[in-house]
Amino acid sequence: MKRLRLLLIAVLVLGSAVSATAQALDDLKFSITVKDLALMSPMELDELAQSGKWLLLDGSLAALTRLSAEDEDYLLDARLIQGEWMGLEDVRKYDCHLIFQGNEWQEIIPEKTPRRVQEGQILLNNRVLVLAKVMGYEVIDKRPVSYLLVSKIRKLQ
């Protein structure tokens, strides 16, 4: 009888975990790329921001800019870029802005390349995989450029 109860409890707990995982995956959009973000209209970016969906994006980190003062919580703006060959001579560049908010990011993504790189640090020009949400956009040269708040990041080889 005890084994049956334990089995039922285990099934209920595992069922809840599977349900929670399925719900989390519903909040994740795998199909959107940096190129897709760069080509979206302001209305599409607004809808994506309001949906609260997480995006899994890859690209290279470029143009790291610290937005906070030294005595404030760490706030860093980094451009995530991707490129695409058009024929043999032309390359199109697509980008978005990644916002890293909180002091936990200061050691992981320093604003300047340190003399001695520590294990796990992500630096300028590294290829990365990012989990982030669209927070908004800014119109630059008549095209919207999206801003995403980063939750997780991983360096790619």
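Arg-143 is partly exposed, because its relative accessible area is 33%. By that I mean between the two limits: buried is under 20% relative accessible area and exposed is over 50%, with a 1.4 Å probe and protein chains only. The areas come from the Shrake-Rupley method with a 1.4 Å probe, and for residues only the protein chains shown count as cover.

Before I go on: this is a predicted model, where local features need pLDDT of at least 70, side-chain atom pairs count only at pLDDT 80 or more, and totals for chains, interfaces and linings use all residues. Residues are numbered from 1 along each chain as its sequence is written, and side-chain values use heavy atoms, leaving out hydrogens and water.

Back to Arg-143. What does its side chain meet in a salt bridge? The partner is Asp-95, at 3.1 Å from N to O. A salt bridge here is a side-chain nitrogen of Lys or Arg within 4 Å of a carboxyl oxygen of Asp or Glu. This pair links distant parts of the chain, with Arg-143 in strand β6 (residues 143–155) and Asp-95 in strand β4, 48 residues apart. Strands are DSSP runs of E, at least two residues, and helices are runs of H or I, at least four residues, both numbered from the N terminus.

Asp-95 has another salt bridge, to Arg-79, with the closest N and O atoms 3.0 Å apart. Asp-95 lies in strand β4 and Arg-79 in strand β3, so this pair ties together parts that are 16 residues apart in sequence. Is Asp-95 buried or exposed? Asp-95 is buried, because its relative accessible area is 6%. Arg-79 is partly exposed, at 21%. Strand β4 itself covers residues 90–101.

As a general point, side chains of opposite charge can pair when their charged atoms come close.

How many salt bridges does the structure hold? The count is 6. One of them joins the side chains of Lys-35 and Glu-84, at 3.1 Å from N to O. Again, distant parts of the chain are linked: Lys-35 is in helix α2 (residues 34–39) and Glu-84 in strand β3, 49 residues apart. Lys-35 counts as partly exposed, because its relative accessibility is 27%. Glu-84 is also at 27%, so it counts as partly exposed.

There is also a network of salt bridges, made of Arg-66, Glu-70 and Glu-111. Glu-111 comes up again with Leu-64: the two are 47 residues apart in sequence, yet their C-alpha atoms are 6.0 Å apart in space. Leu-64 sits in strand β2 and counts as buried, because its relative accessibility is 17%.

Next, Gln-121, in the loop between α4 (105–108) and β5 (127–140). With a relative accessible area of 7%, Gln-121 is buried. Its side chain reaches the backbone nitrogen of Gln-118 at 2.9 Å.

Last, the surface. Which residues gather in a patch of negative charge? They are Asp-71, Glu-72, Asp-73 and Glu-104. Patches take residues with over 30% relative accessible area and no salt bridge, joining like charges within 9 Å and nonpolar side chains (Val, Leu, Ile, Met, Phe, Trp, Tyr) within 5 Å. Asp and Glu count as negative, Lys and Arg as positive, and His and the chain ends are not counted. Each charge is placed at NZ of Lys, CZ of Arg, CG of Asp or CD of Glu. Asp-71 is in the loop between β2 (54–66) and β3 (75–86), and it counts as exposed because its relative accessibility is 72%.

Definitions and conventions: Polar contact = N/O pair within 3.5 Å; in protein donor to acceptor, adjacent residues only side chain to side chain.
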